[in-house]
Structures are given as structure tokens and as C-alpha cells.
Amino acid sequence: MKITILDDYFDTIRNLPCFEKLNGHDVTVWNDHTQDDDVLAERLAETEALVLIRERTKILAPLIERLPNLKLISQRSVYPHIDVDACTRHDVILSSSLHAGSPSYATAELTWALILAAMRQIPQQMASLKAGDWQMGVGRTLRGRTLGIFGYGRIGRAVAETGKALGMNVVFWASEASRERAREDGEVVAESKQAFFAECDVVSLHLRLYDSTRGIVTAADLAKMRPDALLVNTSRAPLIEEGALVEALRAGRPGMAAVDVYEQEPVRNTDHPLFAFPNVICTPHIGYVTEDEWEIQFSEIFDQILAYADGKPINVINDELLKK
């Protein structure tokens, strides 16, 4: 099969052990990023199987209509960047493993890196030291403080485990069904969404982005947070009502933020409003970007291609195509 992999910025994938699974196939890897449909249509003109790295490139109807040879899109996780209906109309199978077996420990680890960096002011202290000014302020200890996890999925629970190991009090908020599961598991659930945001020293978002979760964190929620609280988002930017975080930070509630995700990615604009806040730590969506995590992810993605080539596609989202 003719296989194309988009957006592999550092040419990492061909050096993963799992890349050998594609031996015998004609594989093209692109290391830059473009969202120009004309450029993509040319690059993908002969492509039969398209490999996507999360949501780096949108694959929408106007592009799909120009790819007559495309038969399969293989990726991992959720797919708000793909027009599934257009795929179905053009007989393109979308295979996407939702990694039910294990959480992204890489994302959980980055969440803790951001929490620790923010609470101990590590980037600011480094900048002060390099400027010859020694210490620039006083950080906060985590032990005994309250960690709020919004969501009760695999990553959120992994973050919570570390919080407990650090001596934090862990509180959850989530959908009604997830709150019930948390209670059954012996976890502490906040009395209300308002109490959750008001009482937590650190609030970390761990929800998948669906229509039902888009904008689920509102300006009113953020306004409940204390001036010394920290909001962390390593999930998806649109979980927060558009523009609400910037306005909340300007108002001083919460007092800090640490984010790995943005409304539009990649962010090339150095004037992004979040970058102007000295109390905000920003990273370029690196939660899942480790060699170990990619080996797990792309092993599954390549297995989906091999299954399709064998006539037995797996993890099919638009499974109505299998009934034709």
C-alpha cells in the first residue's frame, strides 16, 4: 500500500521499532506542517492509507473529495479534526484506537511537571538566576493542599495517584455517571461544580473533547477559583469557554495557569495572549510527545493498517462501510 504519514516534525516515526511493521509498503513521511488543501491534495494524490498524528492536520470534506485513492485513515484517540461523514460518503474507512487499555502516562507525567513548575515558580526562578538576580519569590508546597481532577478517565486517575503519593487531598468532578463510579471506587467527589472550583488549590482538566464537553469550563467556573489557585490544562483547549481563561487571569482568578493546548495549533504567533502573563506556563502540546508513548501509539496505528491490508479492518469508527 501507498502510505503517507503527516506532521512528523522531527522524523521520529521511522526510527521507532514499530516502524518495521510497515516493511514492504511504500511509505512517505512529511516532516513539515501544512493545512493548505492544495498542497495536501498534491501530497496525498496517490495515498491509499493516511497516518495522522493526533489532531495536527484537519482532514475535512473539501480535501477528502480530492483524494480518490484514499481508502483508510489510521490514527489514535478522538477525531474532531476529521469529517467522518465525508469519509463515509467517499468509502474511506477511519480506524482510530481509543486506547482503552492504558492511560497516556506521558501526559500524566507532563501534568505533574507543569504543576510542580508552576507552584515552585521554576521557569521564573531560572530566568531570575540567569539575569543575575538570584531568587525572585516564594513558591508553595503541595503536601496538604487540594488537587481537583475534572474528569474520571484513565489519565485523570493516574494524575490523582501521584497527587495522593505527594500527600495531597484529591477531589473529583465529572459527569454524573463518572461521579457515581468515582464514589463506588471510594474517591472523594465535590458537592457541586461550584464547590469544586472554589475549594481546590490545583484544578487539572482531564476530559475528552466532545460536543458535550466543549466549553464545559465556563468564565463563571474560573471566577470561583481563588487568587492563589492554579488551573492546568493538558487535555484540549476548547474544554474552556473561548477567551474565558485569558479574561479570568486578567481578573486574578485563578492566580496561575499552566497549559499545553491551544484553540489553534500549532501556535506560531509570539503575541498569543497567554504568553504575556508572567504567572502562566505554556508548553507546545508535548503531553504525548515522548518516544515511549509514540511507540505505543504508532504500534496500534500500524496494526490498523495491517488489519485493513489483510481485509479485516479494526477499530473502525464509520463501521457502516463494513456492511456494504
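Helix 10 is followed by Gly252, and the phi of Gly252 is positive, near 90°. I note here that the model is a predicted one.

**Entry: the whole chain**

I looked up the overall make-up next. The protein chain has 11 helices and 11 strands. I then checked the radius of gyration, which is 21 Å. A compact globule of 324 residues would have a value near 20 Å, so the chain agrees with that expectation. Along its principal axes, the C-alpha trace spans about 60 × 50 × 35 Å.

I asked how much of the chain is buried, and found that 49% of the 324 residues count as such. The exposed surface comes to about 15500 Å², and carbon and sulfur atoms supply 50% of it. For contacts between residues at least 6 apart in sequence, I found that 62% join residues at least 24 apart.

I also looked up the charges. The chain carries 34 positive and 47 negative side chains. The centres of these two sets lie 4 Å apart.

**Entry: helix 10 and its cover**

I went back to helix 10, which runs over residues 244–251. Its buried residues are Ala244, Leu245, Val246, Ala248 and Leu249. What lies over them? The cover includes helix 9 (219–223), strand 9 (230–233), strand 10 and strand 11 (280–282).

Val259 lies in strand 10, residues 256–259. Is Val259 buried or exposed? Its relative accessible area is 3%, so Val259 is buried. Leaving out residues up to four places away in sequence, Val259 touches Leu114, Asn233, Leu245, Leu274, Ile281, Cys282 and Thr283. One of these, Leu245, is on my list of buried residues of helix 10. I also noted Ser235, which is 24 residues from Val259 along the chain; their C-alpha atoms are separated by 8.8 Å.

**Entry: cis peptide bonds**

The bond from Arg253 to Pro254 is cis, with omega near 5°. Pro254 is in the loop between helix 10 and strand 10. Glu265 and Pro266 are also joined by a cis peptide bond, with omega about -5°. Pro266 is in the loop between strand 10 and strand 11.

I then looked up residues other than glycine with a positive phi. Asp7 has a phi near 65°. Asp7 sits in the loop between strand 1 (2–5) and strand 2 (26–29). With a relative accessible area of 3%, Asp7 is buried.

His285 has a positive phi as well, near 50°. I found His285 in the loop between strand 11 and helix 11. At 13% relative accessibility, His285 counts as buried, because the cut-off is under 20%.

**Entry: aromatic pairs**

A pair of aromatic rings is described by the distance of the centres and the angle of the planes. How many aromatic pairs are there? I found a count of 9 aromatic pairs. I wrote down two of them.

The rings of Tyr152 and Phe172 have their centres 5.0 Å apart, with the planes at 85°. Why is this pair called edge-to-face? The label applies because the angle of 85° is over 60 degrees. The pair links distant parts of the chain, as the two residues are 20 apart. Tyr152 is in the loop between strand 6 (146–150) and helix 6 (154–165), while Phe172 is in strand 7, residues 169–173. Both are buried: Tyr152 has a relative accessible area of 5%, and Phe172 has 2%.

The other pair I noted is Trp294 with Phe298, which is tilted, at 5.4 Å centre to centre and 55° between the planes. Both residues lie in helix 11 (residues 291–309), 4 residues apart, about one turn of the helix. An α-helix has 3.6 residues a turn, so residues three or four places apart point the same way. Trp294 counts as buried at 4% relative accessibility, and Phe298 is buried with a relative accessible area of 1%. Phe19, Trp294, Phe298 and Phe302 form one aromatic cluster.

Methods: Residues are numbered from 1 along each chain as its sequence is written. This is a predicted model: local features need pLDDT of at least 70, side-chain atom pairs count only at pLDDT 80 or more; totals for chains, interfaces and linings use all residues. Side-chain values use heavy atoms; hydrogens and water are left out. The radius of gyration is taken over C-alpha atoms; the globule rule is 2.2 Å times the number of residues to the power 0.38. Buried means under 20% relative accessible area, exposed over 50%, partly exposed in between (1.4 Å probe, protein chains only). Contact means heavy atoms within 4.5 Å. Accessible areas come from the Shrake-Rupley method with a 1.4 Å probe; for residues, only the protein chains shown count as cover. Lys and Arg count as positive and Asp and Glu as negative; His and the chain ends are not counted. The place of a charge is taken as NZ of Lys, CZ of Arg, CG of Asp or CD of Glu. Rings of Phe, Tyr and Trp (its six-membered ring) pair if their centres lie within 6.5 Å; planes under 30 degrees apart count as stacked, over 60 as edge-to-face and the rest as tilted.
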